[in-house]
Amino acid sequence: MPDLNFADHPHRRYNVLTGEWIQVSPHRAKRPWQGKEEDQPGEQRPHYDPECYLCPGNERAGGEHNPEYEKTFAFTNDFSALKPDTPSEEFRKNNLLIARGEPGICRVICFSPRHDLTLPEMEMPDIEYVVEVWAREYEQLGNRDEINYVQIFENKGQIMGCSNPHPHGQIWAQNSMPAEPAKELRQQSDYLDDHGSCLLCDYRELETSLGERLVIENEHFAVLVPFWAIWPFEVLLVSKRHLQRFQDFMEAEKQGLADILRRLTAKYDNLFRVSFPYSAGFHPAPTDGQEHPEWHFHMHFYPPLLRSATVKKFMVGYEMLANPQRDITAESAAERLRELSEVHYSRQ
Ligand code: H2U
Ligand code: ZN
């Protein structure tokens, strides 16, 4: 039997953050591909679109009017999936039918008044202001008694179900811990109990010393392709200091976050010279009033594109029925991302 070689042998990798396994089949990346690979023509958008629900001064779908905002603008979602005045009552029948009312609040964040500017195309002070708004929203929503968890995220691109081309993100703040952060909470707590140190501090230091999955870093944050990545160019953004939540950030760390986000998203766009679609979101500590010493502030990017602007990875068959699977290794994805320019292609 040859020694296990990650570049050739099918293997399973353990996700220490969720406690789940994924299947890696690196040899399949060499299989023939006869699908289409055409490039999408670059989309030209106007600075302002009179029909856009999110542009300054326009009427939204629910009938409200946006102010003539000049910086990042947040509002309560007109079609919120969660509502604050919901009873959090439990329903149970024979221990087989189990449900619970879920109070919450949904917000929309327009990153910029400009209809055409995505994060990597914005100026640094404007990206720093987006970070300020995320931090403020997290703190204000999290301070409410009924809100125990605040999920900040962005669906970018039509392929990810984004409903409006005006660059924006969302926040769903709610009473219960949702599934993904609940798994991460358990894994981080267990790790702290077992090792007396933080899971993501230790993991980030290990990846920095190895280097092969590291994509970019600055003084305050590192971006790496996690060992257990599922999506082709998935990355994990981790703070270097053991931060739990936005309130722990020093001013320089807010700037550091804006800097690393701009550089990462520019690289992403440069990969296939297209406005790169993804779902991304922060995982700060729950807002349930506990300290959460185990929790380490981080962010996930889950982009679906595989080999061109139009060819995406599908989570089907084996993924739906067994467990997630990938072909290109995390190491080769990191190498490709490392090589890309951090200057957005529109400015090159
Ligand atoms: P997505 O593109 O990720 O779906 O986010 C857009 C959100 O914006 C969506 O949840 C809300 C939708 O309900 N929205 C408003 O609240 N008002 C509008 O006028 C348009 C869209
Ligand atoms: Zn717009």
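**Note on a predicted model with one ligand site**

1. His65 touches Gly57, Asn58 and Glu59, leaving aside residues up to four places away in sequence; contact means heavy atoms within 4.5 Å. The residue sits in the loop between strand 2 (20-24) and strand 3 (73-76). Helices (H or I, at least four residues) and strands (E, at least two) are DSSP runs, numbered from the N terminus. His65 is exposed, with a relative accessible area of 52%. Here, buried means under 20% relative accessible area, exposed over 50%, and partly exposed in between, with a 1.4 Å probe and protein chains only. From C-alpha to C-alpha, His65 and Leu4 are 60 Å apart in space and 61 residues apart in sequence.

2. On the basis of the values: the model is predicted, local features need pLDDT of at least 70, side-chain atom pairs count only at pLDDT 80 or more, and totals for chains, interfaces and linings use all residues. Residues are numbered from 1 along each chain as its sequence is written, chains are lettered from A and ligands numbered from 1 in the order in which they are written, and side-chain values use heavy atoms, with hydrogens and water left out.

3. Ligand 1 has 13 residues around it, of which Ala61, Asn77, Asp78, Ser163 and His168 come nearest; a residue is near if one of its heavy atoms lies within 4 Å of the molecule. The shell divides into six nonpolar, five polar and two charged residues. In this division Ala, Val, Leu, Ile, Met, Phe, Trp, Tyr, Cys and Pro count as nonpolar, Asp, Glu, Lys and Arg as charged, and the others, Gly among them, as polar.

4. Which atoms of Ala61 lie 2.7 Å from an oxygen atom of ligand 1, backbone or side-chain? A backbone N or O atom of Ala61 does. A polar side-chain atom of Gln170 lies 2.8 Å from a ligand oxygen atom, and for an N or O atom in the side chain of Asn155 the distance to an oxygen atom of ligand 1 is 3.3 Å. The protein covers 88% of the 470 Å² of accessible area that ligand 1 has on its own, by the Shrake-Rupley method with a 1.4 Å probe.

5. The largest nonpolar core holds 58 residues, and Trp134, Phe246, Leu257 and Phe301 touch the most other members. Such a core is a set of buried Ala, Val, Leu, Ile, Met, Phe, Trp, Tyr and Cys residues joined through side-chain atoms within 4.5 Å. A second, separate core of twelve residues includes Cys201, Tyr203, Leu214 and Trp228.

6. Asn323 is placed in the loop between helix 5 (317-321) and strand 14 (325-326) and is buried, at 13% relative accessible area. Its C-alpha atom is 7.1 Å from that of Gln23, 300 residues away along the chain. The side chains of Asn323 and Arg12 make a polar contact (3.1 Å), that is, a pair of N or O atoms within 3.5 Å, one able to donate a hydrogen and the other to accept it, where residues adjacent in sequence count only if both atoms are side-chain atoms.

7. Arg273 lies in the loop between helix 4 (251-272) and strand 12 (278-283). His292 is in the loop between strand 12 and strand 13 (298-302) and is buried, with a relative accessible area of 8%.
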